[in-house]
Amino acid sequence: MTAMARPATARRPPSGAAVGMAVQVPERASEPGWLKAARQRAATWVDAHGFPTTKHEDWRYTKLDAVLAVPLAAPPEGAAEDGQASLSSGDLPAPHLGGSRVVVVNGWIVPELSAIGVALPGGVRVESLASALQADDGRLEQSWARHVGGYPHALRALNDAAVCDAVVIDLPPGAVVEDPIEVVFVSLPASEASWWHPRLVVVAGAGSSATLVETYLSVPGGPSVTNAVTQVHLGAGAQLAHYVLQGERRDSLHFSSLEARLGPASRLSSRLLATGGRIGRHEVDVVLAGEGADVELDGLFLVGAGQHHDNPVLVDHAAPGCTSRQLYKGVVSGDGHGVFNGHLVVRPGADGTDAAQVNKNLLLSEQAEVDTRPRLEINADDVACSHGAAVGQLDPDALFYLRARGVPEREARVVLVSGFAHEILERFGSGAIRQRAEELATAAGLIVLDEDGHPGGIATCAATGSRRGGLSQ
Amino acid sequence: MLLIDDLHVSIGDSEILSGVSLEVPDGEIHAVMGPNGSGKSTLAHVLAGRDPYEVTAGRVLYEGVDLLAMVPEERAAAGVFLGFQHPVEIPGVPTMYFLRTALNAQRRARGQEELGPVEFLALVDAKRRLVEMERALLDRAVNDGFSGGERKRNEILQMLILEPRLAVLDETDSGLDIDALRVVAAGVTTLRSPDRSALVITHHQRLLDHLVPDRVHVLAGGRIVRSGGPDLAAELEAHGYATLGGPAVESLTVSTGTVSTGTAR
């Protein structure tokens, strides 16, 4: 038995219950048999395999101790209602993006806070799990069947087992949705159960196109664990512009997985701005399954004191003639820890692959830490693959240049960090999504540098970058 | 305006300036010439407050105030401008934003109102024509992908916008074609007034054909070995630095103090 098969007792939920017992599979008579079976299968997998430890290669840098200290109870139906009264529309992100908005509180869609069906052309459906199950045509069954051969790790299985509700977006072939569809995931810590397993399923028919924005936020309360899964299936020639704005409070723990499967000549762009939570882990699994598919992945993670953000990114070139481009940038201050763990696989036969993977990181203090592991695994000929990684500090020459022009040191640092982040932020377009991204970045300290009363965090490298004067007589 | 008195500067264990003294009165343009390694760039950097030079002796008074006690941004706000020999690239920071941030930071420090976007744009448009720069260049990141000449024009543009009282130009003429040289000289001449001064550091006489200085100082081996009128530049051009009196000119490699930890862009 391997070390990871059975987690140490300390990693178990404090209830002392075996992991499998702790996974509460919702019992719903109305659910179809295949879903009940899939939930049970996933729960059994968690029980058999336990949670990953740092001995697991993909979890080397992320410890789950803090996560598993949160009781692993599934939120009861209606749990979100208790706190909803305290949630006003002012807590929701502004400005409105103009299209449909689905608000998911603690894993449940809240129709009262949502505006579903706004600016949706005919045939496009945005609905809840229950609603999607009524018109079940095998799509959702596929969604649960993808890990029949085994899960990458327990959190993905947990989502399958314990998911309460789901946002299901269906784009029929040729459908074009102009305005962004927004899904806002709110974590509203309840008294006991504080694990949420939100799920978003996008099935885009051939030639369809849409923009999807996921926003994660939390309101004051206790610690909570968000364990989200977003699945994207793109048919031939379909296009999806996908944005993730992750900004929960510092007492939250955030895990999310984007699982995307791209059909022939389809195109996915996914852009992540990650700033929130004590722990943030943003997994991306993209399979380029059809010839000529294209994916662009951009990520900006802003990691402050006491935070840990991990970005495991897997791009799988399984078909010929596909292109992929990744650019992830990290800004780490205080004693924050950022991780980029990129894995690019080119399968046999995936000739004509054109792939680039780049990770650049800026360390703003001596305590800040970054681990970057860009990896290529190439099993085909006739491919063009490149990768690179950099970890550095603010350019002392650029800092002096700004100061010599009269910009005070603190402000000069802000200008330089913003310049570093700009390359990613500008990929959030020029409209409301960009505005929201910049506000989130600002709130995370890109502008407000002395959050947490931590002058040491940002100013520490002042000691190395440009000591004050130093020219005494 | 500027009084440099017996200035000694070291970097690590090596002394680069060994007792430089010179005075630039109000309204005058002085040139500092000298061979490579004579300490010209060090002098410019020390005046602007660059690390990691250590002043071991002497003083620098700017308008009667101890310049060396001020941090770089204070010097800039007080009216000291350094034109860089190697202007730095700042990826992701548009030039217009950079210029406005700098100007308004100085205005704030002086207790003046910040300039709004409209006024600022008008100011930049007026000044950029003087240095023959396209507006599109200013929307790009600072010096990012700029040619050598564009970078130097950008330096002069910044000088014209910030309107310093003392401009220190560190080999702003190096590597420039004749057009760019003319632009640099015109920029300095534009600012010429009874209450502004300039210290023009150069290796060649070329710039001084376009920009006639009031005084020329020759820096060699870390000291001013000769001072004179504008004719001195022509004499140096004809006979070289080797004929100068004073201490032997040592070959020194001047480090600009780049930190070796690397930078992320």
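The model is predicted, so local features need pLDDT of at least 70 and side-chain atom pairs pLDDT 80 or more, while totals for chains, interfaces and linings use all residues. Residues are numbered from 1 along each chain as its sequence is written.

Helices (H or I, at least four residues) and strands (E, at least two) are DSSP runs, numbered from the N terminus. Buried denotes under 20% relative accessible area (1.4 Å probe, protein chains only). In α10 of chain A, residues 432-446, the buried residues include I433(A), R434(A), L440(A) and L446(A).

A pocket is an open set of points on a 1 Å grid over the protein atoms alone where a 1.4 Å probe fits, with protein on both sides within 12 Å along at least five of seven lines; lining residues have an atom within 4 Å of a point. Helix α10(A) supplies the largest share of the lining of the largest pocket, five residues. Among the residues nearest the centre of this pocket are L217(A) and L440(A).

| Lining class, largest pocket | Residues |
|---|---|
| Nonpolar | 10 residues |
| Polar | six residues |

In chain B, 12 of the 15 residues of α6(B) are buried, among them R151(B), I156(B) and L162(B). E163(B) follows α6(B) and has a positive phi, near 45°.

Notes: Chains are lettered from A and ligands numbered from 1 in the order in which they are written. Side-chain values use heavy atoms; hydrogens and water are left out. Buried means under 20% relative accessible area, exposed over 50%, partly exposed in between (1.4 Å probe, protein chains only). Ala, Val, Leu, Ile, Met, Phe, Trp, Tyr, Cys and Pro count as nonpolar, Asp, Glu, Lys and Arg as charged, and the others, Gly among them, as polar.
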